[in-house]
Amino acid sequence: MIRTRPIDNPMKILPVSALAAFSFLPVSPAFAQILAVRDIAELDLEQLANVVVSSVSKRDEKLLDAPASIFVISSEDIRRSGATSLPEALRLAPNLQVARGDTSQYLVTARGGLAGTANKMLVLIDGRTVYTPLFSGVFWDEQIVVMEDIERIEVISGPGSTLWGTNAVNGVVNVTTKSATKTLGFMASGTAGNMERGGSVRMGSELPGGGAFRAYGRYYDRDAHQLGSGATAKDQADRWQAGMRADWENSQRAYTVQGDLYGGNIDNLGGVRPISGGHVIGRMRATLSPDSQLSGHVYYDRAEREHLGSFKEARDTFDVEVQQSMRPSKGTYLIVGGGYRATRDRTEATPALAFLPATRNLGLASLYVQGERELPGNVEVTVGLRAERNSYTGVEWLPNLRFSWSPSEDQVLWGALTRTVRSPSRIDRDLVVPGMPPYVVFANDTFESERADVADLGYRGTLARDLSFSITAFAHRFSDLRTIEPGGGGLVFANGAEGRARGVEGWADYRVTRDWRLVAGFVSLHNKFEVSPGRVDLGAPAHGNDPKITAQLRSSWNVTSVHEFDVTVRHMGELPSPLVKAYTVMDLRAGWRITPQVELSLVVTNAFDREHREFATANEGAVIGRATFLRATLRL
């Protein structure tokens with residue numbers, strides 16, 4: 001049972017009982033006349049189906065036409081959820097599984113892969129790849145954004161390897177922030193609650209030549225959770241970030257320059273984990289002709305972090321990519337592109353572990369081509385191939401075949417066959433344990449890429465103007481998965497396991513009335529992993545630690561023109577190893593637009609569940625309890 005500490009500041013906790021009264025606070029008739037609820041609940045389903053996405057084909061297309069299992073989280077979805085971090089916002093996607101390990105650590109994946117490091121998801125923020133070559137996963141404590149600046153998040157469950165490359169095995173998360181032209185003026189928001197306090201400030205203005213600029217900053221500090229034993233998890237954290245973005249756009253060209261600096265201290269049982277870094281990115285898009293468009297980006301990223309007693313790392317990344325999209329003939333669409341990413345990683349040995357060599361330069365070069373062809377009968381076929389060369393395993397070939405059939409304007413049946421890989425990380429190839437001889441775990445320069453062959457069959461459609469839905473059946477066949485085997489005079493990471501995952505995922509969007517919207521979704525997953533014939537695995541179960549069922553239901557209700565009430569119910573099935581019991585939680589939000597410039601909301605997470613654990617290791621893991629906070633937002 002969690003032991004609660006005395007409340008040293010009454011402002012740190014807000015009563016849950018205030019929710020009901022808060023939703024119906026009075027508002028003057030004048031404000032009711034002025035304010036218009038801009039919630040996505042006001043869109044009919046025809047408009048929702050016409051939402052434009054770009055992650056499936058790396059070009060703008062209607063959501064309804066995209067031949068993939070894709071869910072879009074809008075900026076309004078994020079606002080009405082009350083999410084204060086990117087991983088919490090990702091819980092809104094029913095095709096993702098999100099597990100929180102403690103205050104700052106999360107695992108985010110699709111179609112399984114929660115075991116270990118969730119290392120088969122590709123995550124991008126404004127075109128910048130944020131997974132680390134250290135372990136092929138994401139340090140979520142580094143990924144902080146101003147939540148009000150997010151335009152949308154496109155979540156693809158299933159591989160996207162031809163256009164996006166290695167590590168897009170189980171899915172792609174593509175976060176897009178708003179153009180500076182959409183964030184003019186002043187914005188400030190503050191959050192105060194029993195587990196977290198913080199705020200964001202943003203100032204935007206126009207620039208000569210049709211451009212716009214914004215500068216912003218964000219800070220938060222979070223309290224420590226507790227372990228199941230009642231002892232502190234020592235996971236308190238404070239984090240800051242400052243950045244800018246400038247955009248110029250006309251009918252022929254668009255340019256973006258943006259950058260961030262960040263720092264923070266994240267505690268754990270082993271000691272404080274300081275992190276710092278920053279990045280700068282430039283993007284361009286040019287219309288060469290009515291049937292041809294050129295786009296590209298270049299960015300530099302610097303990250304430093306230290307896990308006291310475990311490892312210390314400094315990483316520099318340089319990435320450039322160019323792509324041309326064209327229509328060579330009527331009914332044909334062609335995308336050709338290529339890029340190169342260079343990473344320099346410097347680590348320091350500790351008594352616990354080391355990476356050999358301590359400094360490693362990695363390169364990733366890629367070329368890809370994908371063609372789409374419209375056929376008679378509203379059929380479209382997509383064929384793509386990517387050649388990607390990495391420093392560890394050489395050239396990997398990533399093919400993709402998709403089809404779609406639209407029996408009507410508001411329905412699409414689609415299918416896909418894809419081959420994808422997760423290329424080796426530094427942990428796979430270069431890790432030794434302990435940090436100095438004699439070693440128990442040795443580096444293994446023969447570790448190969450993990451592979452997956454994936455089949456998808458999906459259907460998406462709308463019924464009248466009130467209901468849209470998507471359902472997808474999928475099957476993954478994995479080979480060369482990571483195991484721990486005897487070798488090198490001790491143990492090594494090797495490619496000794498294989499497995500299968502199959503299931504169904506689906507969601508529906510139902511507008512009950514003009515002011516009430518429901519979104520529901522689920523994933524049913526069945527997987528089986530085993531050691532390949534003639535191999536052994538001496539490590540803990542590294543695969544298949546996934547829930548058989550996840551589900552959610554969201555309700556967004558415009559109580560009046562200025563009052564909002566939102567409810568989210570989430571269910572996560574049992575994780576088998578280490579055992580984490582199934583849990584169901586409810587999050588509540590009540591919002592009040594006091595004036596056109598001022599918004600107030602009260603958020604309660606885990607409202608009726610006093611405590612639960614979302615992920616565990618052999619050393620327990622933090623217990624997630626109820627959190628209550630008040631948020632105020634000012635826009636001028």
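**Cavities, salt bridges and surface**

Guide: In this predicted model, the largest cavity is lined by 40 residues, and those that lie nearest its centre are Arg-128, Thr-129, Val-130, Tyr-131 and Tyr-299.

Visitor: How much space lies in the largest cavity?

Guide: Cavities of 30 Å³ or more come to a count of six. The largest of them, with Arg-128 and Tyr-299 among the residues nearest its centre, holds a space of about 630 Å³.

Visitor: With which residue does Arg-128 form a salt bridge?

Guide: Arg-128 belongs to strand β7 (residues 128-129), and its partner, 173 residues away, is placed in strand β17, so that the pair links distant parts of the chain, by the definition of strands as DSSP runs. Both members of the pair are buried. With the closest N and O atoms 2.9 Å apart, the partner of Arg-128 is Asp-301.

Visitor: How many residues apart are Arg-91 and Glu-614, whose side chains meet in a salt bridge?

Guide: The N to O distance of this salt bridge is 2.9 Å, and both Arg-91 and Glu-614 are buried. Arg-91 lies in the loop between α5 (86-90) and β4 (97-100), whereas Glu-614 lies in the loop between β37 and β38, which puts the two residues at a separation of 523 residues.

Visitor: Which residue of β38 is the bridge partner of Glu-611?

Guide: An open sheet of three strands has the order β13-β38-β37, with antiparallel pairing, and its edge strands, β13 (226-227) and β37 (611-612), each pair on one side only. Strand β38 (residues 622-625) is joined to β37 by two bridges. In β38, the bridge partner of Glu-611 is Gly-625.

Visitor: Why does the salt bridge between Asp-319 and Arg-341 tie together separate parts of the sequence?

Guide: The side chains of Asp-319 and Arg-341 meet at 2.8 Å, N to O. Because Asp-319 lies in strand β18 and Arg-341 in strand β19 (residues 332-348), the pair ties together parts whose separation in sequence is 22 residues.

Visitor: Are Asp-319 and Arg-341 buried or exposed?

Guide: The cut-off for a buried residue is under 20% relative accessible area. Asp-319 has a value of 4%, and therefore counts as buried. Arg-341 has 18%, so this residue, too, is classed as buried.

Visitor: Which element gives the largest share of the nonpolar patch on the surface?

Guide: The patch includes Trp-248, Tyr-255, Val-298, Phe-318, Val-320 and Tyr-340, and its residues together have about 810 Å² of accessible area. Two or more residues each are given by β15 (253-266), β17 (292-307) and β18 (311-329). The largest share, three residues, comes from β18.

Visitor: How is Val-320 classed by its relative accessibility?

Guide: Val-320 has its place in strand β18 and is part of the nonpolar patch on the surface. A residue is buried under 20% and exposed over 50%. Because the relative accessibility of Val-320 is 31%, the class is partly exposed.

Visitor: How many salt bridges does the structure hold?

Guide: Side chains of opposite charge can pair when their charged atoms come close. The pairs discussed above include Arg-128 with Asp-301 and Asp-319 with Arg-341. For the structure, the count of salt bridges is 51.

Definitions and conventions:
Residues numbered from 1 in each chain as written. Predicted model: local features only at pLDDT ≥ 70, side-chain atom pairs only at ≥ 80, totals over all residues. Heavy atoms only, no water. Patch = residues over 30% accessible without salt bridge, like charges linked within 9 Å, V, L, I, M, F, W, Y side chains within 5 Å. Areas by Shrake-Rupley, 256 points an atom, 1.4 Å probe, with all protein chains shown as cover. Salt bridge = Lys/Arg side-chain N within 4 Å of Asp/Glu carboxyl O. Helix = DSSP H or I, 4+ residues; strand = E, 2+ residues; numbered from the N terminus. Buried < 20%, exposed > 50% of the residue type's maximum accessible area, 1.4 Å probe, protein only. Pairing = 2+ DSSP bridges. 1 Å grid on protein atoms, 1.4 Å probe; cavity = no way out; pocket = protein on both sides within 12 Å on 5 of 7 lines; lining within 4 Å. Points joined across faces, edges and corners; volume = space filled by probe spheres on them.
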